[in-house]
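Here is a short briefing on the model below. Topics follow in order.

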Amino acid sequence: MSALLAMSIDALRLGLPVEVISEIADRPPSRPLPRAPAHLAGLASLRGAPLPLVELGVLLGGRALPPGEGRAVIAELEDGLRAGFLVERVHGVAWGRPAGPGATPLDDALRRVTRGEVEGPDGVLLELDPRALFEVSRAR
Amino acid sequence: MRFGEVEVALSTDALLAFLAHDGDPEDDGALDLAACLGEGAIGEPREVLVRTAGAPLRLRVGAIRVEEVPAAQPVPALLTGLCARIAAKGLIPRGEGFALLLDPDGLVRLR
């Protein structure tokens, strides 16, 4: 069993391992960054510290949330990589059983950052791989 | 200095002089900061002469304000690649956001 934070963007239901999540916040105001890729929504200030905001929907090949909408799931890895991933809704913690690679064919954007499907109490989630998620989020 | 929603800053240690912009559109001697950052044209351009490790750099900018600011914070790890590409070496807290602290030597490489 693994503990995942269940969240969604449109019909896409995703799970992020809770151990990398430091906080869930209302979407903070942000400023755009010059020459940033489309998935980078901007740079916010969270209690005075800089926080890059990543449009998870765009990163996964979908749409950006309307300005000011959504919630920020703030995740951090041991090496200091930290970002707020913008999602439409946060549903809570789901304890799920790995369901394997899953029957649903995934496009490249999803396949790169997911570990597979997980059966939660409210249905199937795509489990995100935090390290892969940060790697594709890096703005180069 | 501000370009739309993007605010940038330079250390006054690097500032050698304020220059009069000559208004010649064919003059390509100065580095147009707005163009380098991919931002919109500057309404009323001004120019500053900036110290670099090599020859001084003429930089075309928008409105300039000189003021004391808090110490710069490091660039988040997720943004180091992007910030290197736009010559930003730190972040200056500004109200609800940050201004990009520009590195004069990095600006030379944007030419």
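Which pattern does chain B follow, read along the sequence? Chain B runs β-β-β-β-α-β-β-α-β-β-α. Helices (H or I, at least four residues) and strands (E, at least two) are DSSP runs, numbered from the N terminus. The model is predicted: local features need pLDDT of at least 70, side-chain atom pairs count only at pLDDT 80 or more, and totals for chains, interfaces and linings use all residues. Residues are numbered from 1 along each chain as its sequence is written, while chains are lettered from A and ligands numbered from 1 in the order in which they are written.

**Chain B overall**
- Chain B has three helices and eight strands.
- Its radius of gyration, taken over C-alpha atoms, is 13 Å, close to the 13 Å that the globule rule gives for 111 residues, so chain B is as compact as a globular protein of that length. The rule is 2.2 Å times the number of residues to the power 0.38.
- The C-alpha trace of chain B spans about 40 × 30 × 25 Å along its principal axes.

**Barrel in chain A**
- Five strands of chain A close into a barrel, in the order E1-E2-E11-E10-E9, with mixed pairing. Strands pair if DSSP finds at least two bridges between them.
- In chain A, E1 (residues 2–9) and E9 (residues 89–98) run antiparallel, joined by seven bridges.
- Ser2(A) stands opposite Gly96(A) in E9(A).

**Contacts**
- Val54(A) is in contact (C-beta atoms, placed from the backbone, within 7 Å) with residues including His39(A), Leu59(A), Phe85(A) and Ser137(A), leaving aside neighbours within four places in sequence.

Note on methods. Contact = placed C-beta atoms within 7 Å.
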